[in-house]
Amino acid sequence: MALPQAKQDATEARLSTVSLPQGAAWLTQLREAAIARVREMGLPTARDEYWKFTRPDTLVQAEVPEAALFDEGEAPIFDGVDRLKVVFVDGVFDAEASDDLSLEGLSIERLSDVAQADIHWAKDLYGSMEARGQDPVHRPLAALNTALAEDGVVIHVTGKVSKPVNLIYHHKSTRSDALLHHVVKLDAGADLTVLENGPAAARFNNVMEVDVADGAAFNHVRTQGRDHERRAATHVFARVGEESAFKTFTLTANGVLTRNECVVEMVGDNGVAHIAGACVGDGDFHHDDTVFVTHDAQNCESRQVFKKVLRNGAKGIFQGKILVKPDAQKTDGYQISQSLLLDGDSEFNAKPELEIYADDVACSHGSTSGAIDEDALYYLRARGVPKAIATDMLTLSFLAEAVEEIEDEALRDEINARLEGWLERRRG
Amino acid sequence: MLEIKNLHVDLEEEEKTILKGVDLTVEAGKVHAIMGPNGSGKSTLSYVLSGRDGYEVTEGSASLEGEDILDMEPEERAAAGLFLAFQYPVEIPGVGNMTFMRTALNSQRKARGQEEMSAADFLKLVREKAATLKMSNDMLKRPVNVGFSGGEKKRNEILQMAVLEPKMCILDETDSGLDVDAMKLVSEGVNALRDAGRSFLVITHYQRLLDHIKPDVVHIMADGKIIKTGGPELALEVEKNGYSDLLEEVA
């Protein structure tokens with residue numbers, strides 16, 4: 001189907017400002033295929049149904065809106081966690097600040113190094129899940145990332161890994177435009193946790209493709225911090241094999257524009273996928289969680305749990321879909337998206353969707369928006385807890401169901417402590 | 001301790017007057033009971049004193065140790081030493097009971113210019129008080145009142161009272177929903193807190209609670225006013241004859 005002329009013109013104009021990175025033939029081929037996908041789909045505009053609630057222009061345009069550098073004024077999260085640090089500054093790997101990239105149970109390489117290899121296992125994966133994820137809904141920013149990203153990590157997990165890999169992002173230039181593309185391949189029975197945190201750039205386009213083989217487990221815990229002026233479009237693509245587990249959680253505070261997409265395909269029987277997010281937004285905050293889970297195998301479980309606390313005109317969006325294919329019998333799909341609106345100025349838009357072609361499934365979804373529980377607030381205050389603190393306690397209480405989705409207790413505590421700290425800081 | 005003068009209160013949402021001139025003085029160290037039929041305004045009095053939204057004071061005053069409390073925020077009243085044991089304690093999923101009590105205690109201490117209590121000292125304090133109320137560790141760890149039975153919720157109220165050590169305790173129908181054993185446990189908890197510097201206002205429908213928590217003074221409330229005040233024998237009279245005789249007597 002031909003693109004509308006205006007969209008085609010806008011896409012071509014934007015693509016005329018970029019050039020494909022140099023690399024080995026196999027990668028150049030994949031990048032060319034990705035740019036062809038972008039041409040075919042066109043870059044998103046405000047008229048697209050999938051971008052109904054979030055304006056994509058500042059994510060698409062050639063010029064990067066300025067974002068002030070942000071001093072977190074606190075120790076980075078996960079500092080207390082034993083992990084392998086991989087540091088990027090404005091989207092470029094920083095070897096000095098990173099740990100030695102070796103860890104038992106996995107091999108980890110820079111994408112820019114992999115790009116020079118004549119042949120590499122990543123050729124079968126790089127961009128493959130992104131490409132599959134373009135159907136039935138287009139995600140052109142992810143294809144653009146596949147075409148243009150020069151850095152990122154390529155991880156092959158062969159066994160159980162003793163500590164998490166922590167991707168740490170630093171922002172040091174006010175107009176930086178960072179694209180990172182990560183590929184994670186877990187062999188059968190392998191187990192890895194990936195952590196992500198830190199302000200990455202003025203504009204950040206991040207893609208992670210995760211192939212979870214049979215019996216493997218992948219956990220992902222991410223924070224998007226208080227660097228308010230950043231703009232970010234992130235995609236996590238996962239293919240989940242038989243008896244395997246994929247779990248991802250994102251905590252977001254602040255941010256004028258964040259769009260987090262998660263696209264999961266259940267391809268093996270008895271797989272599990274949990275996708276969760278908690279966010280606290282204030283003022284000109286705009287946060288969009290867009291999730292698409294496809295069940296294409298039997299007896300799989302998927303959960304989507306998203307909670308947003310919004311105030312002073314903050315906006316939250318949830319678009320979540322569960323697609324159950326004809327043979328995906330015994331699917332257990334669950335989806336909940338809820339917002340706590342602390343005032344009348346804030347806004348939450350939810351578009352939950354179920355599309356089911358199998359006849360023996362249990363799928364449920366729900367979405368609610370509510371104000372704070374006045375009875376609980378009064379109860380806390382009657383015990384001497386000041387209103388602002390009581391409100392934050394109820395905020396934590398509201399977010400708890402999403403945070404609980406983090407499997408590892410130490411990481412869950414870390415996230416809770418950070419969340420409490422952020423709220424306390426905000427109270428002043 | 002607590003001095004209420006000519007208190008008139010309307011509902012904010014609808015044009016309805018609930019309290020029509022309540023006068024009541026509770027001296028330090030004393031236990032006063034308020035009895036009265038349904039709809040007489042007993043619970044409203046407890047809510048207005050603790051600062052719940054939805055009520056408008058149109059006339060009169062209420063003070064705690066000489067300080068006007070009606071203009072204070074609920075948390076300021078609590079820090080000043082007022083405590084309401086709720087008739088229906090609220091469930092708060094996701095907030096641990098211990099976190100809740102510690103935040104409450106330290107907020108009050110901070111408001112009074114006292115040092116915050118350390119986690120270790122707090123734990124010791126709560127364990128000790130919880131033991132006398134036969135509250136398990138599990139109940140302390142669970143989210144506030146979530147999954148608690150009626151009796152457990154009331155014990156949790158008394159535990160909070162014991163931990164916060166308020167000067168003026170208002171018990172709003174603490175006996176409702178309690179079986180005999182639970183009532184005994186709760187009453188013992190309250191009696192253990194009786195002290196020369198602490199006063200109680202016990203709101204109840206029934207005399208039976210007053211068998212366990214012996215009042216110094218009993219008030220009968222009807223149609224938004226205190227219509228009769230007497231000693232413990234007044235409660236027995238109500239138990240025997242009901243409210244109708246008293247209401248007629250006044251009318």
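A salt bridge is a side-chain nitrogen of Lys or Arg within 4 Å of a carboxyl oxygen of Asp or Glu. The legends below refer to a predicted model.

**View 1. Salt bridge between Arg383(A) and Glu157(B).** The closest N and O atoms of Arg383(A) and Glu157(B) lie 2.7 Å apart, which means that the pair falls within the 4 Å limit. Between chain A and chain B the count is four salt bridges. Polar contacts across this interface join 13 residue pairs, both residues of each pair being at pLDDT 80 or more.

**View 2. The side of chain A that touches chain B.** Both α7 (374-382) and α8 (387-403) of chain A supply at least two residues to this side. The largest share, eight residues, belongs to α7(A). By class, the side comprises eleven nonpolar, two polar and five charged residues.

**View 3. Area buried between chain A and chain B.** About 1900 Å² is buried, with carbon and sulfur atoms giving 63% of that area. Tyr378(A), Tyr379(A) and Arg383(A) supply 44% of what chain A buries against chain B, more than any other three residues. The contact involves 18 residues from chain A and 30 residues from chain B.

**View 4. The largest cavity.** Five cavities of 30 Å³ or more are found in the whole structure, and the largest has a volume of about 130 Å³. Of its 15 lining residues, Tyr169(A), Gly198(A), Phe204(A), Thr223(A) and Gln224(A) are the closest to the centre. Two or more lining residues come from each of β8 (191-197), β9 (203-212), β10 (217-224) and β11 (231-240) of chain A; β10(A) gives the most, three residues. The lining divides into five nonpolar, six polar and four charged residues.

Notes. Residues are numbered from 1 along each chain as its sequence is written. Chains are lettered from A and ligands numbered from 1 in the order in which they are written. This is a predicted model: local features need pLDDT of at least 70, side-chain atom pairs count only at pLDDT 80 or more; totals for chains, interfaces and linings use all residues. Side-chain values use heavy atoms; hydrogens and water are left out. On a 1 Å grid over the protein atoms alone, a cavity is a set of points where a 1.4 Å probe fits but cannot get out, and a pocket is an open set with protein on both sides within 12 Å along at least five of seven lines; lining residues have an atom within 4 Å of a point. Grid points are joined across faces, edges and corners, and a volume is the space filled by probe spheres set on the points. Helices (H or I, at least four residues) and strands (E, at least two) are DSSP runs, numbered from the N terminus. Ala, Val, Leu, Ile, Met, Phe, Trp, Tyr, Cys and Pro count as nonpolar, Asp, Glu, Lys and Arg as charged, and the others, Gly among them, as polar. Contact means heavy atoms within 4.5 Å. Buried area is the accessible area (1.4 Å probe) that two parts lose on being put together, summed over both. A polar contact is a pair of N or O atoms within 3.5 Å; within protein, one must be able to donate a hydrogen and the other to accept it, and residues adjacent in sequence count only if both atoms are side-chain atoms.
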